[in-house]
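Here is a walk through one protein model.

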Amino acid sequence: MRKFYLLRHEDVNGHSGTGVVAEGVIFDDGTGAFTWLTPMKTVTTFWKMADICKMHGHNGRTEVIIEGKSKFEECQKVVKQLKVKQRAAARLAKTNKEAK
């Protein structure tokens, strides 16, 4: 099983933004799942990585960065920072809601 990230260089549809936009896992049989790192969370499954590239690659505007390949550690750091910011924002929103 290997982790991967979707690294988007250009946001064609204007929904997910640029940078690391999703993280996922490829199972040993080639199937997998991923989740978007956007405010609207969804989880998607796929039968093979080629399907991900075809649907979300946007003709090279999005790269699939697989664990063990170059850029993976860089993407991993970005995702960790993003998750810390998201948790902090959620705590702040909860605190503000409770204060009202």
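K69 sits in the loop that links β5 (62–66) to α2 (72–99). Helices (H or I, at least four residues) and strands (E, at least two) are DSSP runs, numbered from the N terminus. The model is predicted: local features need pLDDT of at least 70, side-chain atom pairs count only at pLDDT 80 or more, and totals for chains, interfaces and linings use all residues. Residues are numbered from 1 along each chain as its sequence is written, and side-chain values use heavy atoms, with hydrogens and water left out.

The C-alpha atom of K69 lies 9.5 Å from that of F4, although 65 residues separate the two along the chain.

The largest nonpolar core has ten residues: F4, L6, V21, A22, I26, F34, W36, F46, M49 and I66. Such a core is a set of buried Ala, Val, Leu, Ile, Met, Phe, Trp, Tyr and Cys residues joined through side-chain atoms within 4.5 Å. Two or more of its residues come from each of β1 (2–8), β2 (19–26) and β3 (32–36). β2 gives the largest share, three residues. Another core lies apart from it, with eight residues, including L7, V20, F72 and C75. In soluble globular proteins, nonpolar side chains tend to be buried together.

Now follow α2. Its buried residues are F72, C75 and V79. They pack against β1, β2 and β5, with contact meaning heavy atoms within 4.5 Å. An α-helix has 3.6 residues a turn, so residues three or four places apart point the same way. How far apart are the end C-alpha atoms of α2? They are 41 Å apart, which agrees with the 40 Å that its 28 residues should span at 1.5 Å a residue. The expected span is 1.5 Å times one less than the number of residues.

Step back to the chain. It has two helices and five strands, in the order β-β-β-β-α-β-α. Of its 100 residues, 32% are buried.

Finally, confidence. The mean pLDDT (the predictor's confidence in each residue, from 0 to 100) is 79, and 84% of residues reach 70 or more. Confidence is highest in β3, at a mean of 90, and lowest in helix α1 (residues 49–56), at 68. Where pLDDT is low, the predicted coordinates should not be read in detail.

Notes
Buried < 20%, exposed > 50% of the residue type's maximum accessible area, 1.4 Å probe, protein only.
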